[in-house]
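Reader: I have a structure open and would like to go through how its parts pack. Can we start with a pair of helices?

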Amino acid sequence: MLKRRGRRSPAPTLLDFYEELGEQDELVAQELRLDLEVFVNGALDMFSKPTNVNVKNRLTVYGIADLGEEQSGIGMLIMLEGIRARIARNAVKGRATWLYVDEFHNMAAHQYTANFFEKIRKEVRKLGGICTAITQNIADCLALKTIETMLCNSEYIAFFNQSEIEMEILRSTLRISDNLLEYVQNTSPGCGLLKFGGGTFIPVDARIPKHSEMYRLANTNFHEIQRTRRKDREKMKNVVQELPEDVLESIRDDPTELEKVYFADD
């Protein structure tokens, strides 16, 4: 928010800046306004308006899947700047921030976003927070020297099943021995290698029992999820068939999450 004449007013948007440029007589202002038009009134106007996201929530998730190639770069920078500002506000209040970046190889594909993320990573550490990057493609990430430096300086790393190419990268970059690399070659999901501190590597078996609630919440295996849903649907059908019609109608009006599985194909 900006303070104007003693009052709090909404922060200016890109549209406000665009209109302000239109009131300037300088040629450079008009040229800049013309360049901004596609980002204000055109197809790339996603960031020209006030946000509709409540960033004050305890847990905030940013998704970039729908940005598209043209907006992905600026979108990631805007997202990272918002995260950086949130980290700073939390620190003033004595709160540590936990930052998780999934599919990190997408961010590592651009030098400017990689540099910005490195800046945020350093700030999080100084302010008592934790920054975690998650990726399935180590080879793509290490194409940039910035990311390689971050990997080498990380105090905690978890490696799971890796390809031959990625194992060669780990061997040369982190100097992991061939004996230890056996723990990330053709391993079961949940088994791998942990790095602690300067250079201590520990084999780990973090498999979760398949019939546990924790496994159900954490599982991302598409085929297992579909099999579980089919089983749930069959169980629900057997239960529903025994219910009176008036009860069945009330369930249709206000179903539970499990009942929604049944009615999805009804």
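Author: The axes of helix α3 (residues 69-92) and helix α5 (residues 111-126) come within 10 Å and cross at roughly 10°. Axes are lines fitted to C-alpha atoms, for helices over the stretch in contact, with angles from 0 to 180 degrees between N-to-C directions. Helices are DSSP runs (H or I, at least four residues), and strands are too (E, at least two), numbered from the N terminus. This is a predicted model: local features need pLDDT of at least 70, side-chain atom pairs count only at pLDDT 80 or more, and totals for chains, interfaces and linings use all residues. Residues are numbered from 1 along each chain as its sequence is written, and side-chain values use heavy atoms, without hydrogens and water.

Reader: New topic. Which residues of α8 are buried?

Author: Glu 166, Met 167, Ile 169, Leu 170 and Thr 173. Buried means under 20% relative accessible area, exposed over 50%, and partly exposed in between (1.4 Å probe, protein chains only).

Reader: Where do they sit around the helix?

Author: They fall within an arc of 155° seen down the axis of α8, so they line one face. The arc is taken from the directions from the helix axis to the C-beta atoms.

Reader: Which exposed residues are on the face turned away?

Author: Glu 164 and Ile 165.

Reader: What does the buried side of α8 pack against?

Author: Against α6, α7, β5 and α9 (178-181), where contact means heavy atoms within 4.5 Å.

Reader: And what comes just after α8?

Author: Arg 175, with a positive phi of about 55°.
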